[in-house]
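The sequence and structure come first.

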Amino acid sequence: MSEPIDFYFDFSSPYGYLASEKIDELAARHGRTVRWRPILLGVVFKHTGAAPLTLVPLKGEYSVRDFSRSARFLGLPYTHPANFPLATQHAARAFYWFHDQDCEQACEAARAFAQAVFRALYVDGRDVSSLDVVLDLAAQQGVDRVTLSEALAGAALKQRLKSECDAALARGVCGSPYMIVDGEPFFGVDRLPQMDRWLTSGGF
């Protein structure tokens, strides 16, 4: 069986959101699955010396324009968050809580949760840096708020996310979205067509 595509993203990445709406469909066309792997861009930026696009002079104004234009190009809804950039550690840790419950089933639950977080932020304008919002989104999938809240406050999930970020850096992940196909890295939602061709041709 072909290896899954690794999909690294931060919930605070608009381009990560756009990729999240397209990558499973792309993978399925080639008989692949996708391993969703949320990380924290803040950790990546410490290693690359980068900063959130919207905070970079000149590039910031352009990036906000490009987020919306790219969404229109892909036929996706997009509302730029009022609170941006924002912290996403609660959402990322909650994803791994879903994932680690029972991967055979919870991988689907984790993916559904991730999509709910992305859409809450970039479609509905909800502040997903808020623990209460993250718990609300999880509760919509039948999760007990108290149970998840206690888990998110514990050391295990904090270490889990740290380990994922460290592993991502070790693989060269330098931003969001970052996809790895059979060892070949692709950075950015605009690389999805290249990925499609790569999977079709076996490389180029």
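Helices (H or I, at least four residues) and strands (E, at least two) are DSSP runs, numbered from the N terminus. The model is predicted: local features need pLDDT of at least 70 and side-chain atom pairs count only at pLDDT 80 or more, while totals for chains, interfaces and linings use all residues. Residues are numbered from 1 along each chain as its sequence is written, and side-chain values use heavy atoms, with hydrogens and water left out.

**Largest pocket**

- The largest pocket holds about 840 Å³ of space; on a 1 Å grid over the protein atoms alone, a pocket is an open set of points where a 1.4 Å probe fits, with protein on both sides within 12 Å along at least five of seven lines. The volume is the space filled by probe spheres set on the points, which are joined across faces, edges and corners.
- It is lined by 39 residues, and S13, Y15, L53, S176 and P177 are the closest to its centre; a lining residue has an atom within 4 Å of a point.
- Two or more lining residues come from each of α1 (14–20), α2 (23–29), α3 (41–48), α4 (59–74) and α10 (192–201).
- α4 supplies the largest share, 5 residues.
- By class, the lining has 23 nonpolar, 10 polar and 6 charged residues (nonpolar: Ala, Val, Leu, Ile, Met, Phe, Trp, Tyr, Cys and Pro; charged: Asp, Glu, Lys and Arg; polar: the others, Gly among them).

**Helix α5 and its partners**

- The axes of α5 (residues 89–101) and α8 (residues 145–153) come within 10 Å and cross at roughly 110 degrees; axes are lines fitted to C-alpha atoms over the stretch in contact, and angles run from 0 to 180 degrees between N-to-C directions.
- α5 is therefore roughly perpendicular to α8 (65 to 115 degrees; under 35 is roughly parallel, over 145 roughly antiparallel and the rest oblique).
- In this pair, H90, R93, A94 and W97 of α5 meet T147, L148, A151 and L152 of α8, contact meaning heavy atoms within 4.5 Å.
- With α7 (residues 131–139), α5 packs at about 30 degrees, the axes being 9 Å apart, so these two helices are roughly parallel.
- H90, A91, A94 and F98 of α5 touch L131, V134 and A138 of α7; this contact has 6 nonpolar residues, 1 polar and no charged.

**Backbone features**

- The F84 to P85 peptide bond is cis, with omega near -5 degrees, and P85 sits in the loop between α4 and α5.
- S176 and P177 are also joined by a cis peptide bond, with omega about 0 degrees; P177 is in the loop between α9 (155–170) and β3 (178–181).
- L58, in the loop between α3 and α4, is a residue other than glycine with a positive phi, near 65 degrees.
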